[in-house]
Amino acid sequence: MDALTIVTGTALLLIAIGISDRDNGSWVILTGFAMAAIAVMIRLFSGDGLIQIGIELLRDCGISLLIASAYMAVRKLAEHARPYMILGMASLILSGLLFGAQYLWQTVWNHETLSVLVELGLDDSIEEVEGILTQYADAWEQAFPTVAFSDDRDLSQIYLVHVSESHVHDMMSALRADAENIDHVELNKAVQLFLPPSEQAIHPTSKNVPENDPLVDLQWALDAVQGHEALQVLKQEKPQRRVRIAIVDTGVESDHEDLEMVYVEGVHNDGNGHGTHCAGLAGATTNNGLGIASLNWEGRFVELMGFRALSKSGHGSLEQIAQAVIDAVQANADVISMSLGLRSDEEPRVLFHAVEFALERGVIVVASAGNSNEDALGHYPSSIEGVIAIAAVDQTLSKATFSNTVGNLSRPLAAPGVDIHSTFHGGDYETLSGTSMATPIVAGLVAVMLSINPKLTSDDIYTILHETGREISDTPLVGRLINAENAIERAKNIHI
């Protein structure tokens with residue numbers, strides 16, 4: 001019962017008093033009606049939903065009518081008391097029915113479920129917060145069951161909690177208040193692919209090329225990064241070992257004609273095409289008389305793996321991306337290429353832990369900067385310390401109009417990202433644009449450098465790419481443009 005209920009009750013009581021007072025009743029009744037009208041108007045303009053307003057008005061009227069009925073009974077005016085009582089009971093019953101219908105709609109029929117990532121303290125167990133979870137959550141499970149406590153103390157302590165939208169705020173507040181057992185709580189935020197439109201323009205190469213791939217004339221990006229010159233070097237080079245690149249994306253069509261020779265592990269299909277496009281740029285078999293060229297001469301330098309972080313429609317979540325990164329590390333990836341991300345006001349803890357899980361094991365992580373034409377600081381995972389962040393340039397070697405800038409990040413680099421031709425699902429080839437395309441070009445170069453010199457660390461790799469990179473007009477915004485030939489030559493000759 002709130003103040004408006006009291007006002008309404010007082011108003012109807014005045015009306016009842018007025019009815020029983022034959023001398024001064026009219027003024028009392030008018031006062032009662034005025035008070036009731038004011039209370040109703042305040043309810044109507046309260047900003048609550050129509051159903052909630054109806055519930056409150058019926059409740060107010062019901063309580064007020066019963067009070068008026070009681071007054072009539074005390075005054076022994078039974079003929080007046082009975083209608084008040086009947087109307088009061090009917091109002092309360094209707095209010096209860098509306099409340100029940102609203103509750104069922106919110107909790108059963110409109111039961112939208114969200115997921116929350118809950119990180120326990122290192123010496124805590126899920127049983128210590130089961131009281132809170134039982135009160136609010138629908139279900140919970142260990143987020144990354146393949147990671148033991150001895151493998152990673154942080155990831156092994158993260159739980160994925162499923163909770164209705166109507167309870168998520170209260171549950172998160174209760175968990176955060178339990179600082180003794182809870183280290184961190186965050187929504188399992190959604191991630192979605194966003195690619196700028198591609199002009200599908202043809203930019204034929206002007207160079208004599210060593211590779212015989214029939215679509216190489218459409219790959220202006222190889223011209224821009226001295227890729228053909230690098231392939232001329234790689235023709236004569238013997239790799240120390242084949243290096244594994246994990247494409248964390250929508251999957252990879254492993255039986256694509258230009259990928260099947262080098263694809264070794266992971267998911268074998270891609271209903272979207274984005275992951276397959278990235279895979280071709282990172283390591284399509286080159287000089288095989290088919291499709292496109294990458295830096296993977298005759299497939300001798302790079303092996304490809306695909307791990308699904310995004311669905312056929314390009315949607316995913318923080319937990320799904322983190323799981324794909326973990327899967328890639330556990331499958332012995334050397335390089336992880338991530339053409340995805342999201343903007344967040346605070347660093348997503350679960351993504352940070354997953355990337356750290358990779359970096360601590362010597363895996364080199366390359367991530368796209370994003371396509372919103374803004375500062376990539378606050379775009380994840382490219383903003384995580386230790387990640388090589390990739391911006392995109394166009395055919396004029398200027399910042400692509402859509403590309404985020406990476407000048408404020410610790411490991412910025414640039415690569416071609418406009419009208420990039422590569423493998424696609426359905427055995428096809430397609431032209432796409434985005435920092436998504438620039439990223440696997442860099443990842444492919446990183447893998448070739450490691451193949452030639454496996455002793456190179458992540459710090460070594462970035463230093464070489466930066467020092468051998470080309471200064472362009474927008475370097476302060478996008479970093480240096482990679483130079484594949486110079487980077488490979490430096491990797492060959494550096495002694496660790």
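These legends describe an overall view and two close-ups of a predicted protein model. Residues are numbered from 1 along each chain as its sequence is written, and side-chain values use heavy atoms, leaving out hydrogens and water. Local features need pLDDT of at least 70 and side-chain atom pairs count only at pLDDT 80 or more, while totals for chains, interfaces and linings use all residues.

View 1. Helices (H or I, at least four residues) and strands (E, at least two) are DSSP runs, numbered from the N terminus. Of the 496 residues, 54% are buried. Buried means under 20% relative accessible area, exposed over 50%, and partly exposed in between (1.4 Å probe, protein chains only). The accessible surface is about 21,200 Å², with 55% belonging to carbon and sulfur atoms; areas come from the Shrake-Rupley method with a 1.4 Å probe, and for residues only the protein chains shown count as cover.

**View 2. Met85, Ile86, Met89, Ile93, Leu94 and Leu97 form a nonpolar surface patch.** Together they have about 590 Å² of accessible area. Patch residues have over 30% relative accessible area and no salt bridge; like charges are joined within 9 Å, nonpolar side chains (Val, Leu, Ile, Met, Phe, Trp, Tyr) within 5 Å. A salt bridge is a side-chain nitrogen of Lys or Arg within 4 Å of a carboxyl oxygen of Asp or Glu. Ile93 sits in helix H4 (residues 78-109). Ile93 is exposed, at 52% relative accessible area.

**View 3. Asp123, Glu127, Glu128, Glu130, Glu180 and Asp183 form a negative surface patch.** Asp and Glu count as negative, Lys and Arg as positive; His and the chain ends are not counted. Each charge is placed at NZ of Lys, CZ of Arg, CG of Asp or CD of Glu. Glu130 belongs to helix H5 (residues 130-136). Glu130 is partly exposed, at 31%.
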